[in-house]
Amino acid sequence: MDDSRARTPVGPPIRTPVAADGRLGPADEHPGLSDAGYLRRRHAIAARARGHRVGDPSVPVAYTEAEQRTWRTVHRELWAAQAEHACRAALDARQDAPIPADHIPQHAEVGSRLRELTGFDFTVAGGVVANKRFLGSMAEGWFHAVQFVRHPAVPLFTPEPDVLHDVFGHGIHLTAPAFADIYRMIGRAAMRVDDADVLQMISDVYWFTLEYGVLAEGGTPKAYGAALLSSYGEIRRLHRSDVRPLTVDAMLTTPYDIHGYQPVLFGARSLEEVTDTLHDFLERLDEDSARRFRRCS
Ligand SMILES: [Fe+2]
């Protein structure tokens with residue numbers, strides 16, 4: 001089975017479930033998109049984000065026993081899958097991460113730990129967040145995260161980002177200064193520009209690094225991207241991905257299909273290489289960057 005992935009920076013978008021025989025099925029058949037009772041609950045939790053200002057405290061959610069059970073199931077599976085397929089930097093970060101096995105952590109529980117370690121905190125989102133707000137908030141140490149939980153019938157797959165994705169992916173990153181510095185660097189670049197195409201360029205490199213990045217360790221691709229770290233299915237098939245050298249030009253010109261597995265990933269030799277590659281690109285961005293890039297490509 002599969003988990004989820006990100007369409008825009010807020011996290012995984014709708015993607016296609018994978019049947020037991022490996023064939024792709026229509027995403028809209030997922031119970032998370034068609035179960036009226038589930039959708040009411042999901043929307044009720046997401047509605048808390050309406051009118052939310054970045055940095056306002058997240059209102060705690062009284063999670064049901066079924067939601068807690070889903071968390072425990074996914075926790076067990078992801079913990080083991082990450083041990084095998086995540087990169088050393090992510091696994092080291094995980095040791096300090098606020099990921100309890102027995103209950104869904106509230107944003108306050110996650111945030112207080114992240115704050116101690118890197119100065120980051122979660123701020124609540126109800127779903128997709130516009131690029132400027134989502135990316136720009138990272139400059140000040142805020143990460144937009146949702147609170148709702150995936151459908152219990154298919155716990156290892158979700159058609160959209162949920163609290164498991166945010167905690168198991170971004171929550172791990174944001175316990176480690178090396179990852180947090182990348183978030184801040186992206187945030188500063190997003191704060192400097194308003195052009196939608198330039199913001200999309202930032203979003204594209206965010207996608208291929210912090211959501212889907214891999215590092216080569218011992219000749220094997222190991223995940224550091226949040227979407228991979230929180231995707232039980234996808235992290236286990238990294239060896240089948242087309243892993244290409246990390247370059248900004250390639251990330252800006254490689255389309256991503258939001259309805260299937262990510263077939264192309266970009267790999268670096270180290271997190272330092274990721275940081276340096278992004279730094280050179282982000283520091284030079286200005287309002288004309290998209291126009292210049294289109295002329296040259
Ligand atoms: Fe995400």
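The views below come from a predicted model.

**View 1**
Lys222 lies in strand E4. Its relative accessibility is 19%, so Lys222 counts as buried, the cut-off being under 20%. Leaving aside residues up to four places away in sequence, Lys222 touches Glu84, His85, Ala86, Cys87, Gly213, Val214, Leu215, Glu217 and Leu238. Glu84 itself is an exposed residue of helix H3.

Helix H3 spans residues 65–85, 21 residues in total. From first C-alpha to last it reaches 30 Å, close to the 30 Å expected at 1.5 Å a residue. Its buried residues are Glu67, Gln68, Thr70, Trp71, Val74, His75, Leu78, Ala81, Gln82 and His85. Seen down the axis of H3, they fall within an arc of 160 degrees, so they line one face of the helix. The face turned away from that buried side carries exposed Arg76 and Glu84.

**View 1. What covers H3.**
The cover over the buried residues of H3 includes helices H2 (36–46), H4 (88–94) and H7 (163–173). It also includes strand E4 (220–223), helix H10 (226–229) and helix H11 (232–235). Lys222, seen in View 1, lies in E4.

**View 2. The iron site.**
Three residues coordinate the iron ion: His165 through NE2, His170 through NE2 and Glu211 through OE. The distances are 2.1 to 2.2 Å. Along the sequence, the donor residues follow the spacing H-x4-H-x40-E. His165 has 0% relative accessibility and therefore counts as buried. His170 counts as buried as well, at 0% relative accessibility.

**View 3. The Trp71–Phe168 ring pair.**
The chain holds 12 aromatic pairs. In one of them, the rings of Trp71 and Phe168 have centres 5.7 Å apart and planes at 45 degrees, so the pair is tilted. Trp71 lies in helix H3 and Phe168 in helix H7, so the pair ties together parts that are 97 residues apart in sequence. Trp71 is buried, at 0% relative accessibility. Phe168 is buried, at 0% relative accessibility.

**View 4. The Phe208–Tyr256 ring pair.**
Phe208 and Tyr256 form an edge-to-face aromatic pair. Their ring centres are 5.4 Å apart, with 85 degrees between the planes. The pair links distant parts of the chain, 48 residues apart. Phe208 sits in helix H9 (residues 196–211). Tyr256 sits in the loop between helix H12 (248–253) and strand E6 (264–268). Phe208 is buried, with a relative accessible area of 0%.

**View 5. An aromatic cluster and two charges over rings.**
One aromatic cluster is formed by Phe120, Phe122, Phe134, Phe143, Tyr183 and Tyr206. Elsewhere, arginines lie over ring faces. Arg42 lies over the face of Phe148, 4.1 Å from the ring centre. Arg94 lies over the face of Trp79, 3.6 Å from the ring centre.

**View 6. Helix H14 and its cover.**
Helix H14 covers residues 289–296. Its buried residues are Ser289, Ala290 and Phe293. Seen down the axis of H14, they fall within an arc of 95 degrees, so they line one face of the helix. What covers them includes H9, H12 and helix H13 (271–284). Phe208 and its ring pair belong partly to this H9.

**View 7. Ala47 in the H2–H3 loop.**
Ala47 lies in the loop between H2 and H3. The residue is partly exposed, with a relative accessible area of 26%. Ala47 and Ala125 are 78 residues apart along the chain. Their C-alpha atoms are separated by 9.0 Å.

**View 8. The whole chain, for orientation.**
The secondary structure comes to 14 helices and six strands. Of the 297 residues, 58% count as buried. Among contacts with a separation of 6 or more, 68% join residues 24 or more positions apart.

Note on methods:
Residues are numbered from 1 along each chain as its sequence is written. This is a predicted model: local features need pLDDT of at least 70, side-chain atom pairs count only at pLDDT 80 or more; totals for chains, interfaces and linings use all residues. Side-chain values use heavy atoms; hydrogens and water are left out. Helices (H or I, at least four residues) and strands (E, at least two) are DSSP runs, numbered from the N terminus. The expected span of a helix is 1.5 Å times one less than its number of residues. Buried means under 20% relative accessible area, exposed over 50%, partly exposed in between (1.4 Å probe, protein chains only). The arc is that of the directions from the helix axis to the C-beta atoms. Contact means heavy atoms within 4.5 Å. Donors are N, O and S atoms within 2.8 Å of the metal (3.2 Å for Na, K and Ca); water is not among the atoms, so sites may look incomplete. Rings of Phe, Tyr and Trp (its six-membered ring) pair if their centres lie within 6.5 Å; planes under 30 degrees apart count as stacked, over 60 as edge-to-face and the rest as tilted. A charge sits over a ring if NZ of Lys or CZ of Arg is within 6 Å of the ring centre and within 35 degrees of the ring normal.
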